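Hello,

Below is the structure I said I would pass on. My notes on its surface and its charged pairs follow.

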Amino acid sequence: MSTDLTFTDRGVDVVYEGTEFELEKTLIEEATGKSYRDVTDHEVLTIVAEDPNLDGEPVRIGDVL
């Protein structure tokens, strides 16, 4: 099953294995030790999934927004 991430200024809307939830910006910053805009999509996937499929190059949230 895939994991879908939608990045917003508030955080990341996630659909993981059919379950929808939001990871708040502050939670992501605490988990990574980085500013929200400097976190990559790959880092968010590692927070969400046990063994994520990290295809392609990582993309900074700041570049997406």
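**Surface patch and salt bridges**

A nonpolar surface patch is made up of Val59, Val64 and Leu65, which together have about 210 Å² of accessible area. Patches take residues with over 30% relative accessible area and no salt bridge, joining like charges within 9 Å and nonpolar side chains (Val, Leu, Ile, Met, Phe, Trp, Tyr) within 5 Å. Areas are from the Shrake-Rupley method with a 1.4 Å probe, and for residues only the protein chains shown count as cover.

This is a predicted model, with residues numbered from 1 along each chain as its sequence is written. Local features need pLDDT of at least 70 and side-chain atom pairs pLDDT 80 or more, while totals for chains, interfaces and linings use all residues, and side-chain values use heavy atoms, without hydrogens and water.

The whole structure holds four salt bridges (a side-chain nitrogen of Lys or Arg within 4 Å of a carboxyl oxygen of Asp or Glu). Glu22 and Arg10 form one, at 3.5 Å from N to O. Glu22 is in strand β3 (residues 19-24) and Arg10 in the loop between β1 (3-7) and β2 (11-16), so this pair ties together parts twelve residues apart in sequence. Helices (H or I, at least four residues) and strands (E, at least two) are DSSP runs, numbered from the N terminus.

Lys34 pairs with Glu43, their closest N and O atoms being 2.8 Å apart. For Arg60 and Asp38 the corresponding distance is 3.1 Å. A network of salt bridges links Asp38, Arg60 and Asp63.

Regards
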